[in-house]
Amino acid sequence: MTAKFLIVDSCAYLRLAASVHPNFWGGHPHYELRSIAETDPELAGTRLRRKFLWLNRDPHPSLRKKWQLKTTKQELLDIEDSKEFLLEHSEEFLEGEISSRRKYDRDGEELPFLSVPDLAVLAVAYHFQYGILTDELALTLVAKDLGLPTMSSLKILKYFLDQGFVNDAKVDAIMQQWSNAIDLPHTGWAGDFKKVFKRPAPKLIGKP
């Protein structure tokens, strides 16, 4: 079986990389997980560096660089050129799907459904027709509308479990870490967990 490329968004990376180290990135039997250069500025931001102390400590920066998707100058130009279409398409499509989730700035002006890094992830995936590893609803919906495969953090974690990179106890510990960080993927995560792992979600300390 040919491995499927998955472009990793920042949130999925932050949820999983440290906990599945050293087996997060790279070539696995079924998936190739790749970073893109366009998410580097977001990961280098002060807020994330303070929240995730491991983020810019060895070996994580070098691993992100090692497994960064290589692109030619022409490919980069084509990807950049596609962003205007993808932004317009995502705005129109998502307005019809999740208009109630629209966010606004301090002046009450509408913000795009996709952040700048998420649009970059979408553009790269769209150009190469790769999949996307993400839990972001807007990015997931528009990717599926464009025919791109998507993978959630829970589903890739189940894959890591099947590969023996983590065990059930580690999976439960990761869920607790997400809860402690107020970073569970969404409110219905427990139902998704049961569907994916074929067992009830772990009981989390400090949760009702």
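Reader: How many aromatic pairs does the count come to?

Author: Happy to start there! This is a predicted model, and ring centres must lie within 6.5 Å to count as a pair. By that rule, the number of aromatic pairs is 14.

Reader: What is the angle between the planes of F5 and Y130?

Author: The rings of F5 and Y130 sit 4.7 Å apart, centre to centre. Planes under 30 degrees apart count as stacked. F5 and Y130 form a stacked pair, and the angle between their planes is 15°.

Reader: How many residues apart in sequence are the parts that this pair ties together?

Author: Look at where each partner lies. F5 belongs to strand 1 (residues 4–8), while Y130 is in the loop between helix 6 (116–128) and strand 4 (131–133). The pair therefore ties together parts whose separation in sequence is 125 residues.

Reader: Which residue forms a stacked pair with Y130 at 5.3 Å centre to centre?

Author: Y130 has a stacked pairing at that distance, with 15° between the planes. The partner is F128.

Reader: Is R15 buried or exposed?

Author: R15 lies in helix 1 (residues 10–20). Its relative accessible area is 7%, and the cut-off for buried is under 20%. R15 is therefore buried.

Reader: How far apart in space are R15 and W178, C-alpha to C-alpha?

Author: In sequence, R15 and W178 are 163 residues apart. Even so, R15 touches W178, and its other contacts include I174 and L184. From C-alpha to C-alpha, the distance between R15 and W178 is 7.1 Å.

Reader: Which helix gives the most to the lining of the largest pocket?

Author: About 1400 Å³ of space lies in this pocket, and 42 residues line it. Among those closest to its centre are D135, E136 and P185. Several elements each supply at least two lining residues, including helix 1, helix 6 and helix 8 (153–162). With six residues, the one that gives the most is helix 7.

Reader: Where in the protein is confidence lowest?

Author: Over the protein, the average pLDDT is 94, and 98% of the residues score at least 70. Confidence is highest in helix 5 (residues 73–98), at 98. With a mean of 76, the lowest is strand 2 (residues 26–27).

Methods
Residues numbered from 1 in each chain as written. Predicted model: local features only at pLDDT ≥ 70, side-chain atom pairs only at ≥ 80, totals over all residues. Heavy atoms only, no water. Helix = DSSP H or I, 4+ residues; strand = E, 2+ residues; numbered from the N terminus. Buried < 20%, exposed > 50% of the residue type's maximum accessible area, 1.4 Å probe, protein only. Contact = heavy atoms within 4.5 Å. Phe/Tyr/Trp six-rings, centres within 6.5 Å; stacked < 30°, edge-to-face > 60°. pLDDT = per-residue confidence, 0-100. 1 Å grid on protein atoms, 1.4 Å probe; cavity = no way out; pocket = protein on both sides within 12 Å on 5 of 7 lines; lining within 4 Å. Points joined across faces, edges and corners; volume = space filled by probe spheres on them. Lists of a residue's contacts leave out its neighbours within four places in sequence.
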